[in-house]
Amino acid sequence: MSIKARATGALLAAILSTTAFHGAFAADDTIKVGILHSLSGTMAISETTLKDAMLMLIDEQNKKGGLLGKKLEAVVVDPASDWPLFAEKARELVSVNKVSAVFGCWTSVSRKSVLPVFEELNSILFYPVQYEGEESQRNVFYTGAAPNQQAIPAVDYLAENEGVERWVLAGTDYVYPRTTNKILEAYLISKGVKPEDIMINYTPFGHSDWQTIVSDIKKFGSAGKKTAVVSTINGDANVPFYKELGNQGVKAEDIPVVAFSVGEEELAGLDTTPLVGHLAAWNYFQSVDNPSNAEFIKTWKAFTKNEKRVTNDPMEAHYIGFNMWLKAVEKAGTTDTDAVLDAMIGVSVPNLSGGLSTMMPNHHITKPVLIGEIQADGQFETVWETPGLVVGDEWSDFLPDSKDLIADWRAPMSCGNFNVATGKCGGKGS
Amino acid sequence: MPTRLIHRFLQCLLIAFCVVVTVLATDLRAADDLRTMVNALGGGSFQENQKQVEALAKTGDPKIVPALEALSEGDLYQRKSDGMVFIVKPAGSNFKLVDALTGDAAGEEAKAALEKVKVNNGLRRVIRAALGGLTLMSPDAGVRLQAAQTILRTPSADSLEGLDAALAGETDSAVKAVLEKARAASVLVSDRPVEEKKAAIATVVQTGGRDSLSLLSGALSSADESLRPDIETGIQQIEDQLALWAAGQNIWYGLSLGSVLLLAAIGLAITFGVMGIINMAHGEMVMLGAYTTFVVQEIIRNSYPDAFAWSLAIALPLAFLVTGAVGLVMERGIIRFLYGRPLETLLATWGVSLILQQAVRSIFGPTNQEVGNPSWMSGAFELGGLTVTWNRLWIIVFSLAVFAFLLFLLKKTPMGLQMRAVTQNRRMASSMGIRTPWVDALTFALGSGIAGIAGVALSQIDNVSPNLGQGYIIDSFMVVVFGGVGNLWGTLVGAFTLGILNKFLEPYAGAVLGKILVLVLIILFIQKRPRGLFALKGRAVEA
């Protein structure tokens, strides 16, 4: 074929493709980002904030000139706290709206519901919430805390600084508290805590009558050993729980409660004066004092036009995830899924607690762990933090069937559940 | 000679001056020591500050009490420029400084120029113990009682001396009782002779209660062999007592849960029970009542902060009016077209409930709103071995009052008579000249208004969020169906029965299984008695 013919062929192909994809042409001016958070139903209480945070981040990035010379465009859908609807909406985002990446989900069950969709359509999900671990998927980046980045340091803090010897593990009855408590129980027993010094208690979603449980906690705490409550109680049930604690006079100096699901947002609906001193473990608090966080809070308050709006840990996780994605896309020079997946590993961006977070090969990130005490103004004051960053451990070392598993998505391993004992890819969760 | 005289005089003056200075200096040095010690709190780590507070407590000087109290409240700040530590009060964007030892005003300072002296639980505990020792001799009996209770919670051999001194001078019998117990507790952890410890154990056992159990179990692990049998029988004795109280406590919790169920269900007892409308939007009426409370409190907070204690009293009639009006509109606009078609009513009211939820979410936002408890609804008191929280007590009283009001309205007023007439035999009532459509509308508005009042009460114990109503709708229907449709007394008995049953199952089965068991029991019960506890009898039932 002559050069001329080849050129004509190329030209013809170009014309053909232009006509064929004319419909999609307008969309090529922008890069689309999907936001998959419930705006109605029970989870709207937590997830709406994350939708707003994402819109703010995208807005800010566009002010800075967008990405790869194109503007970013947010596509917001409402899965309405309905788990199967999450999968449908995810499919709509990826195949109809052609988004380059999706930021979304809160509950573990919603994440599990969208996993097959992202795998099948080969797209990317950023998941911003602390979760129970025991998972690593090729198409998902976990920017929230794994149990070793939240639960275990919190328990260590209580044991070392408060001298706690008796433990109440209280949680809402679903997968995150149950798995976290299983890990914690195994961890505590490995540390020499006797099984009779551990009390485990589950309550239904939205439980509002805490009288019996709080008095049980008081009873359990009167055995002459320092007692603490480790709470994995889900958002909504926390307000009546803390109100009952306050009314029954359970003081943080006597029986401290450390919570993994209570942040600034949950405390906003509550008078915190009787709760001063109760604890929470997160990777970020609004009260963290550094310039980038001050800037973030200022932008957030301006964006929501509300001086009282607070920031919280999952928002920071989206901040980290979004910036990592920007950096990876720039590195890859394209929004193509496979290229971005490769470029993501090793990307480092500043977090808001004053450090650099890095995406590890197991698709989890490095974070500092902060322990904060509740203050009378509804904020937390950091009383302890890990000296360095902690790497998210996806497969817990304290559960017998996952301690041999590791995840590494770099070639040549490219496996989310590699069993180091058998040397084969594929174990639990495959 | 005058010069000599003057010389002598000057000499005397000098000596006198020297004496005064030395006396002053020792005093000043003590104050100086305290000040350096207080200033050292700034910038210290938690562990260092714990030691510092203990050292301050050892001086026994009551002057440090305000500084320690401020530290425990998080009001102690260090000035960055000179390292001085002050107690601060917020004044606009600045802080007003107060001298930590003398309590004198010390000017104002920008927030950025000060650094907070951080406090954590461990430090607060040490401060509490220190304050307990320092305030044991206070002239105020209330402060002494608190001090004695503090020592009781953190007994140590060091406080024995202070306790003995305090006991000798104590006249108030309540304080004396706590002091004696605190002394016994401190003896248990000291290295006093066995005889004295035995007496202490007897004192602790005699007073009973959960804290005694805690003291004894704590002592058991480190006790001398000869003391063990004493402690063990003591523990047994207290546990037997507590088991009895535990049953009482369960009944109280059950009554309290029952009163919440009664409040949630009582409006439904009218709309569903009396009128027969399957009203799925009932929970949202409760939610609207709670939001009315929130709005009222918000206005009071911003404009009339002194009236906060009255916020609930103001919110009650408003909530009734707001939800009553919504109910009226709902009946006139939707439900009246659907009488006699239960399935359509169910779907329509469910749709209304979704609309109301999303409307509230759009207006107020999806997050929880803060509804404060007035001071008379916070805290708890001890009644023998029972812990009774004020908010629960008031809710029981309130639910019974609402019930009495409703019963009076239905049985003793012309409006109630018309309502009952219309629901029992519509055509006959209509022929007697009763305007049945309006009676329907008003009855539905009444039921909705009562739900709104319930919302005011429930805002005190639960989240105020758009989802508030969903948590109560199932329970409400359960209570009304269980109690017997169309009978208010049935709702009362049903609510308290379910409450108590739930609370007796919960300690054995856990909250999740307890709830399931209650549901299973209700299903079995309905199989046996389809019309609930108190079934309406007679011809009216079939009409």
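**Domains of chain B**

I looked up how chain B of this predicted model is divided, and an automatic or database domain assignment gives domain 1 (2-122), domain 2 (135-223) and domain 3 (246-541). I then took the centres of domain 2 of chain B and domain 3 of chain B over C-alpha atoms, and they are 48 Å apart.

**Ground rules**

I noted that residues are numbered from 1 along each chain as its sequence is written, while chains are lettered from A and ligands numbered from 1 in the order in which they are written. In this predicted model local features need pLDDT of at least 70 and side-chain atom pairs count only at pLDDT 80 or more, whereas totals for chains, interfaces and linings use all residues.

**Confidence**

I checked pLDDT, the predictor's confidence in each residue from 0 to 100, and found a mean of 86 for chain B, with 94% of its residues at 70 or more. Within chain B, helix α1 (residues 2-39) has the lowest confidence, a mean of 68, and helix α12 (residues 311-333) the highest, at 95. Where pLDDT is low, the predicted coordinates should not be read in detail. The model as a whole scores ipTM 0.81 and pTM 0.83.

**Where the chains touch**

I counted two residues as in contact if their C-beta atoms, placed from the backbone, lie within 7 Å, and the contact then takes 43 residues from chain A and 48 residues from chain B. On the side of chain B that touches chain A, the elements that each supply at least two residues include α10 (228-274) and α19 (488-528); helices here are DSSP runs (H or I, at least four residues) and strands likewise (E, at least two), numbered from the N terminus.

**Strands in chain B**

I followed β2 (residues 85-91) of chain B, which pairs (at least two DSSP bridges) with β3 (residues 94-99) of chain B in the antiparallel sense over six bridges. V88(B) stands opposite L97(B) in β3(B), and the hairpin of β2(B) and β3(B) has two residues between the strands, with G92(B) in the turn at a positive phi of about 65 degrees. β3(B) also pairs with β4 (residues 105-110) of chain B in the antiparallel sense, over four bridges, and there N94(B) stands opposite A110(B).

**One helix in chain A**

Why should helix α7 (residues 175-190) of chain A span 22 Å? The expected span is 1.5 Å times one less than the number of residues, and α7(A) has 16 residues; its end C-alpha atoms are 23 Å apart, which agrees. After α7(A) comes G192(A), with a positive phi near 95 degrees.
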